[in-house]
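I opened this entry to keep a record of what I looked up, beginning with a helix and then turning to its side chains.

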Amino acid sequence: MGPMVLFDNGNESVGVFPLSQLSAIEAGDDVVEMHFGHHSNKHTVVMACADGNSDVVVRNLAAFFAPLGKFHQKLITVADDANSVYLDALITGVTSITFDEA
């Protein structure tokens, strides 16, 4: 299955997704969106970040994730508000985790 990524907003909204399903990372207005899935099943995780640094967070996440395709059975905590653990120090929290079914 490969590496999994974990998100927790500290308020019982938690998502764990296969990194192989990451389809896009977007930035703007002090938020970073990560999109998982393809076609009919899509998840979106929105994270807040430090003022004016959403573009930096996207670059940092892309640089971190790029070489991980070759690894297996690894859990990567990207943003965990419950435990104040963030892959990038500029991420300040998980705004939402949603599922869109077509």
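**Helix α1 and its faces**

I looked first at helix α1, residues 54-65, which has twelve residues and reaches 16 Å from its first C-alpha to its last, close to the 16 Å expected at 1.5 Å a residue. Helices here are DSSP runs of H or I with at least four residues, numbered from the N terminus, and the expected span is 1.5 Å times one less than the number of residues.

I noted that this is a predicted model, in which local features need pLDDT of at least 70 and side-chain atom pairs count only at pLDDT 80 or more, while totals for chains, interfaces and linings use all residues. Residues are numbered from 1 along each chain as its sequence is written, and side-chain values use heavy atoms, with hydrogens and water left out.

**The salt bridge**

I then checked for salt bridges (a side-chain nitrogen of Lys or Arg within 4 Å of a carboxyl oxygen of Asp or Glu), and the count comes to one. D55 forms a salt bridge with R59, the closest N and O atoms being 3.6 Å apart. D55 and R59 are four residues apart in helix α1, which means that about one helical turn separates them. D55 is partly exposed at 37% relative accessible area, and R59 counts as exposed at 54%.

Key: Helix = DSSP H or I, 4+ residues; strand = E, 2+ residues; numbered from the N terminus. Buried < 20%, exposed > 50% of the residue type's maximum accessible area, 1.4 Å probe, protein only.
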